[in-house]
Amino acid sequence: MKIYSFLFILILIFNFSSFAETDEEIGLKIAKEAYESTRGYIDSTSEQLMILIDPKGNEVIREISGKNLENMDPDDGDKSLIFFNKPKDVQGTVMLSHTHVNDDDDQWLYLPALGRVKRISSSNKSGAFMGSEISFEDFSGLDYRKYDWKYLGEENYEGEVCYKLESYPKYENSGYTKRIGLTDELLRARKIEYYDRKGDLLKTIYFEDHKLYNDAIWFADTFRVVNHQNDNSTIYKWENRQLNIGLNKKDFEKSSLMRLAD
Amino acid sequence: MIENLFQRKILIFFLVYLFLTSHINALDFKAYGFIQPESSIYINGDGKHNQDNYNTSFFGKGTFISYLQEGDAKFTISAIGRFDQNDDELRYLDFQKFKYEYYFDDIALKVGNEIVFWGVNETFNVVDIINQSNLAEDIAGTKKLGQPMASISYSQDYGIFDIYLMPYFRERPFAGKEGRPRLLFEVDKNSITYESSAKKRKMDFALRYSAVIEDLDIGLSHFYGNNRTPVLSPNPSTLKFDSHYPILSQTGVDIQATKGPWLYKLESVSAKDGSERHLSAAGGIEYTYYSIRNTQSDLGVIVEYAFDDRNDNPFNNEGVIGLRWSLNDIKSSSLIAGYVFDIRGNSNRFQAEFEQRVNDDLKLFFDVSLNGSIDKADFTHQFKEDSSLTLKIAKYF
């Protein structure tokens with residue numbers, strides 16, 4: 001009996017001890033847990049404010065409001081609606097996205113000047129979003145399915161121990177070749193450095209103002225983006241974020257764009 | 001200018017409705033718009049009809065949206081207006097939208113003026129038919145008038161059905177005597193005939209099915225009613241054009257396939273216009289180069305071709321090559337340029353639009369329209385001397 005207990009414990013040790021896992025497996029595990037801790041929001045609404053700052057310190061404001069719908073399909077992405085409010089010349093414009101994990105998204109744009117909904121190409125997830133330093137690709141940057149991962153060890157950041165993770169995009173049209181990020185023990189991303197297609201350091205996003213929503217999900221309510229190549233920066237703030245409010249799934253279809261617009 | 005009783009009745013109904021409901025609920029609404037002074041120079045000298053070389057115009061748009069019944073209903077007013085220095089026909093106010101909508105789970109009901117666009121093409125919009133085009137604004141017909149209607153939408157997973165009933169027809173505005181560009185003769189507003197005995201009061205009808213099937217956006221449509229395009233015939237006694245609106249019965253299809261940076265587009269109609277049947281088709285390809293030369297800017301290349309089996313149709317064998325350059329900068333600078341040409345003849349013209357934001361509520365537009373060599377037989381020959389440069393500044397509020 002004793003010998004069986006001993007063997008059982010031995011098996012347990014070999015199964016669960018970290019030295020049995022590769023750095024890639026540990027990286028994936030942390031990234032997956034971190035991503036899953038942000039799931040279950042069902043749907044959300046928010047107002048978003050962007051402050052675009054040039055190297056001289058000149059500031060420009062952008063305002064949008066957003067709606068999101070969680071996709072429970074483990075192989076597909078969420079749906080989102082963006083309503084553009086500022087600058088005023090884009091007021092009334094609405095963008096609908098059906099995101100996909102490692103493929104182009106489906107995107108439609110309602111243009112009020114033409115009274116027309118256009119299906120647009122979304123091969124450019126890495127382009128500047130409204131002239132800012134953030135790209136569409138960055139909004140889903142925590143989705144572990146989009147990257148290959150590698151655990152680099154622990155690192156102290158602002159007095160806290162964080163996991164240091166390297167990730168490589170799987171999506172062929174990604175604007176990046178590599179990212180190095182820090183995730184804290186509550187599995188919240190704290191900062192990510194982005195390397196461009198040539199492999200040079202492009203920008204860093206600092207995730208700040210973490211807030212616990214519905215007693216369950218941590219979201220960073222501020223993204224501070226610093227571009228190291230052009231010295232521009234963007235402060236992206238979420239305000240009045242509300243989760244699980246029972247949005248109509250049909251709002252996230254092309255046919256609803258006219259209804260949600262003017 | 002509320003030009004007919006139908007619109008006036010709706011206006012009164014909604015003002016009363018708004019007055020009543022605003023006391024019950026806190027009114028949830030949005031309002032925005034812009035005013036836009038414009039100045040044009042015609043670079044070929046005086047016009048064919050001695051029109052001015054310079055023109056100043058004021059254009060404006062205001063939109064008011066009120067959300068009612070906790071978001072299940074919506075009331076929208078969107079009006080455009082222009083005051084033009086030279087052309088009487090460009091002094092107008094139009095309610096593009098003046099509508100009340102109510103949403104059930106699968107069904108949406110709508111009453112009032114609306115702008116409905118059908119189709120996928122950038123240049124040759126063959127299928128689009130619901131709204132009348134304002135040719136005084138733009139000879140390509142892209143500027144529309146609000147169409148009074150009652151409509152029902154029924155949406156299911158496999159697509160959406162829209163039914164439109166249009167009880168009132170709006171005649172096509174053309175540029176006036178001092179307008180530029182304008183037709184050879186003025187269009188006589190007192191000499192308009194219809195095939196339908198109900199004339200303007202004919203109940204026009206349209207049906208559309210549209211769906212998204214993965215990479216494909218498709219639409220099938222049918223329209224039966226007064227043709228939006230009149231037949232113009234010169235009247236030797238008045239030296240003006242008489243217009244005749246035949247009854248049009250048109251079945252159309254529009255398809256767009258979106259494959260990464262490639263867009264493939266096709267629109268086609270088979271139509272019975274008066275007593276003659278014709279076929280029109282137009283389609284094209286659009287490709288976008290992203291982040292050109294490692295900048296944030298994108299360059300789109302658009303090629304479209306239009307075919308019509310009526311020999312006298314202005315778009316019976318036309319092509320366009322266009323470029324869309326978006327800088328994706330803080331000022332949202334962009335340039336759209338297009339070269340339109342007749343495949344068989346020598347006619348060609350060039351159009352470009354540049355736009356750039358100045359600050360949060362100011363935007364600048366610069367339009368160029370150049371007519372090249374144009375065959376005498378070509379429809380656009382009458383506009384040959386109307387090449388122009390236009391500067392517009394929009395102030396948003």
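The chat below goes through a predicted model with chains A and B.

User: What is the secondary structure of chain A?
Analyst: Chain A comes to four helices and 13 strands. Its C-alpha trace spans about 80 × 45 × 35 Å along the principal axes.

User: And how many helices and strands in chain B?
Analyst: Chain B has one helix and 21 strands. Its radius of gyration is 22 Å, close to the 21 Å that the globule rule gives for 397 residues, so chain B is as compact as a globular protein of that length. The C-alpha trace of chain B spans about 65 × 60 × 40 Å along its principal axes.

User: What about contacts between residues at least 24 apart in chain A?
Analyst: They are 45% of the contacts in chain A between residues at least 6 apart in sequence. For chain B, residues 24 or more positions apart account for 54% of the contacts with a separation of 6 or more.

User: How many residues does each chain put into the contact between A and B?
Analyst: Chain A gives 25 residues and chain B gives 34 residues. On the side of chain A that touches chain B, the elements that give two or more residues are β2 (59–69) and β6 (116–120) of chain A. The residues on that side of chain A divide into six nonpolar, nine polar and ten charged.

User: Switching to cores. Which residues have the most contacts inside the largest nonpolar core?
Analyst: Ala31(A), Trp149(A) and Phe223(A), in a core of 31 residues. Among the elements that give two or more residues to this core are α2 (23–36), β1 (43–53), β7 (147–157) and β8 (160–169) of chain A, along with β11 and β12 of chain A.

User: What is Trp149(A) in contact with, leaving aside neighbours within four places in sequence?
Analyst: Its contacts of that kind are Glu24(A), Gly27(A), Leu28(A), Ala31(A), Tyr144(A), Leu165(A) and Ser167(A). There is also a second, separate core of 17 residues, which includes Ile130(B), Met166(B), Phe223(B) and Leu248(B).

User: Back to β11(A) and β12(A): in which sense do they pair, parallel or antiparallel?
Analyst: Antiparallel, over ten bridges, with β11(A) covering residues 201–213 and β12(A) covering residues 217–227. One position to look at is Lys211(A), which stands opposite Phe219(A) in β12(A). The two strands form a hairpin with three residues between them, and Asn214(A) in the turn has a positive phi of about 50°.

User: What does β12(A) do on the β13(A) side?
Analyst: Five bridges join β12(A) to β13(A), residues 233–243, and the two run antiparallel. Val225(A) stands opposite Thr234(A) in β13(A). This hairpin has five residues between the strands. Asp231(A), in the loop between β12 and β13 of chain A, has a positive phi of about 60° although it is not a glycine.

User: Is Asp231(A) exposed or buried?
Analyst: Exposed, with 11 C-beta neighbours inside 10 Å.

User: Where is Glu214(B), and what is its phi?
Analyst: Glu214(B) is in the loop between β9 (204–213) and β10 (216–226) of chain B. Its phi is positive, about 50°, although Glu214(B) is not a glycine. Glu214(B) counts as exposed, with 8 C-beta neighbours inside 10 Å.

User: Which strands of chain B form the open three-stranded sheet?
Analyst: The order is β8-β12-β11 in chain B, with mixed pairing. β8 (186–194) and β11 (231–235) of chain B stand at the edges with a single partner strand each, so one side of each is left without a neighbour in the sheet. On average, neighbouring strands of this sheet are turned by 30° against each other, direction ignored.

User: How many bridges between β8(B) and β12(B)?
Analyst: Five, in the parallel sense, with β12(B) at residues 240–245. Glu186(B) has Lys240(B) in β12(B) as its bridge partner.

Conventions: Residues are numbered from 1 along each chain as its sequence is written. Chains are lettered from A and ligands numbered from 1 in the order in which they are written. This is a predicted model: local features need pLDDT of at least 70, side-chain atom pairs count only at pLDDT 80 or more; totals for chains, interfaces and linings use all residues. Two residues are in contact if their C-beta atoms, placed from the backbone, lie within 7 Å. Ala, Val, Leu, Ile, Met, Phe, Trp, Tyr, Cys and Pro count as nonpolar, Asp, Glu, Lys and Arg as charged, and the others, Gly among them, as polar. The radius of gyration is taken over C-alpha atoms; the globule rule is 2.2 Å times the number of residues to the power 0.38. Two strands pair if DSSP finds at least two bridges between them. A nonpolar core is a set of buried Ala, Val, Leu, Ile, Met, Phe, Trp, Tyr and Cys residues joined through C-beta atoms within 7 Å. A residue is buried if 20 or more other C-beta atoms lie within 10 Å of its own, exposed if 12 or fewer, and partly exposed in between; C-beta atoms are placed from the backbone. Axes are lines fitted to C-alpha atoms, for helices over the stretch in contact, and angles run from 0 to 180 degrees between N-to-C directions.
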